[in-house]
Amino acid sequence: MAAVILSFPTLQSLRIFTQIEKVLIANRGEIACRVMRTAKKMGVRSVAVYSDADRDSMHVAMADEAYHIGPAPSQQSYLSMEKVLEVAKMSGSHAVHPGYGFLSESTEFAEACKQEGIIFIGPPSSAIRDMGIKSTSKHIMSAAGVPIIGGYHGEDQSDERLQAEAARIGYPVMIKAVRGGGGKGMRIALTDSDFLEQLESARREARKSFNDDVMLVEKFVEDPRHVEVQVFGDMHGNAVYLFERDCSVQRRHQKIIEEAPGPDISPAVRRKLGEAAVRAAKAVNYVGAGTVEFIMDAQHNFYFMEMNTRLQVEHPVSEMITGTDLVEWQLRVAAGERLPLLQDDIVLRGHSFEARIYAEDPNNDFLPGAGPLLHLSTPSPDQHTRIETGVREGDEVSAHYDPMIAKLVVWGEDRSAALKKLRYCLRQYNIVGLNTNIDFLLSLSGHPEFEAGNVTTSFIPQHYADLFPAPMTPSGETICQAALGLLLQEQEHTQGFTQTSAEPFSPFGSSNGWRNNIKFNRNIGEEVYHVTGEVEMDGGASFLHCCVNGVKSRPKLVILDNTVHLFSMEGSSQVSVPVPKYLAGVSSGAHGAAVAPMTGTIEKVMVKVGDKVAVGDPLMVMNAMKMEHTIRAPKSGVIKRVFFSEGSQANRHAPLVELEEEEEEAAQREGSSQ
């Protein structure tokens, strides 16, 4: 009888697990590629879905099969349950892995998979429902003995009731979508006067992201830490925690750099965090990977914030410190197997960081960007360095989806070693073609307070001056390197010309003699620089072996259009070549106009022709890269023209409205200039 009891779970696991021979990944980008790698390792075939914008994407190329599911907008493709399930049935997929975002926390999708006899790789729909509605989750957590923060989670969603509750709680307050996540549908109201504006903005974003604009209002804990715990449950009643992650450093309520374990958290607090997270998971009979998020104050008191019923973006740091593959755990548990490890078997070792590399402009309020990756080179992956990405050189970062390019994940024996490794690898992550946050990540990770582990959700605004230094003029040495790179490129082009030319001895094809209108000897200011060097190809990249006044260096060299990009372990530099005025063209913005900072959809038009506006007044609300952006008046005046209506698409730098100064103001300004 004992033998039967011991063998039954194993036989059941093997029998059920053989059913997952093909898995559909209902997602895109780096998470789709991440799941496919583990599926391939386990011998499970992978099925991709893709929109028009992702036809040539990396996740499509990696999959064993790929199916088109619609236009670029996610509502018509990746968020279409009917299309995803149709592909699952058509392809004969036994299971669906939702990744994160899109349908990953949709109760309806989990139920639909179950009705079709397809395994949903995630928790039961009841757990998604209970944890997805924040007001319900607070009540469940309180009953389970998990500490919570008080607030209003009621059904009366009128503006008046929500504003009254905010006043009762006391400002500042956090306005959050009950079905929210990833920083979407979340705003902070500092005073009663800005509550309604922030409420309306949060509702719009929530409707766009979750098709639900029900809100809750909570006391906003100032300068907290954001600490979360990775949990995992199986169908046999087991639940474990894989320690905590600190995700405090954020912009726009979205994480930008994560680490595990949390700095300066004692073993006793770590155990309390983990045990509270497991209680939370067991309270909803949780199965699969989940994350319990807490707010932690300066005294290390912690309070339940929410539970994400899916695999998190930052799950790799938990894998690095525990030696696990959480996607493999997901597949095995979804097939009915027991957890590979129980709590006493899970050992914390070392420290890990994850830096999210985004197409965005940190110097312009982290405005998301889109465009081609004209040059992309990364550090070499190894046992302690992971590059989680869904793009390659030449791919396009689409305006339709999240602007994340990659996650750089590193491990070290301790926090100091891991941080040193992170900075070393960030310097090797070189991108040309669009703005990125790499230099900002280097600045952040090198800040003394970050190095000391003194992190809170207010870290960026508190240290703004240090993190956003004034741009520096390229040094004379850097200009010499750029000039040398240009001359060597010209020499290479000239040699190519002579090899194919019918007149190889023409003076126009000579690279080391007579030249027309080119000077080789140039001074920078009053200094004279002696420069020598050559270009060497290594691993598909160009490196400039150069010597400037006796100092040798080897920066990576990328020349595109009229800009020379230099990358070295000391940092990156850009040197632009002046363009003649007759070639420069016209400026991107129209005179007297407010322009679109990026390609996006016009969600709301707040002005009409004839309206008077002051500097900073809101003109339009754009939705781009899954974020909402308010376009404000660049100057005072009268609206002369409105170029876009609600629901229309505006390209980057397109004029949105035309402003005309009032005659009196224009006359005053003209008089003052005389």
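Me: Which cut-offs define buried, exposed and partly exposed?
Reply: Relative accessible area sets the class, computed with a 1.4 Å probe on protein chains only. Exposed is over 50%, partly exposed lies in between, and buried means under 20%.

Me: What kind of model is this, and how are residues numbered?
Reply: This is a predicted model, in which local features need pLDDT of at least 70, side-chain atom pairs count only at pLDDT 80 or more, and totals for chains, interfaces and linings use all residues. Side-chain values use heavy atoms, with hydrogens and water left out, and residues are numbered from 1 along each chain as its sequence is written.

Me: How many residues of strand β17 are buried?
Reply: Strands here are DSSP runs (E, at least two residues), helices are runs of H or I with at least four, and both are numbered from the N terminus. Strand β17 covers residues 351-358. On one side His351, Phe353, Ala355 and Ile357 are buried, and on the other Ser352, Glu354, Arg356 and Tyr358. The number of buried residues in β17 is 8 of 8.

Me: Which residue of β24 stands opposite alanine 355?
Reply: Two strands pair if DSSP finds at least two bridges between them. Strand β17 and strand β24 (residues 404-412) run antiparallel and are joined by 8 bridges. Opposite alanine 355 stands leucine 408.

Me: What is omega for the peptide bond between alanine 260 and proline 261?
Reply: Proline 261 lies in the loop between β14 and α10 (267-283). The bond that joins alanine 260 to proline 261 is cis. Its omega is about -5 degrees.

Me: Is phenylalanine 450 buried or exposed?
Reply: Phenylalanine 450 belongs to helix α15 (residues 448-451). Beyond its neighbours within four places in sequence, its contacts (heavy atoms within 4.5 Å) include Val249, Ile257, Phe353, Leu419 and Phe459. Proline 263 is 187 residues away in sequence, with a C-alpha to C-alpha distance of 10.0 Å. Because its relative accessible area is 1%, phenylalanine 450 is buried.

Me: Are helices α5 and α6 roughly parallel or roughly antiparallel?
Reply: Axes are lines fitted to C-alpha atoms, for helices over the stretch in contact, and angles between N-to-C directions run from 0 to 180 degrees. Angles under 35 degrees count as roughly parallel, over 145 as roughly antiparallel, 65 to 115 as roughly perpendicular and the rest as oblique. Helix α5 (residues 107-115) packs against α6 (residues 125-132) at about 175 degrees, with axes 9 Å apart. The two helices are therefore roughly antiparallel.

Me: Which residues of α6 make the contact with α5?
Reply: On the α5 side the contact involves Thr107, Ala110 and Glu111. The α6 side consists of Ser125, Ile128 and Arg129.

Me: Is asparagine 211 buried or exposed?
Reply: Asparagine 211, in the loop between α9 (195-210) and β9 (215-219), has a positive phi of about 60 degrees although it is not a glycine. Because its relative accessibility is 72%, asparagine 211 counts as exposed.
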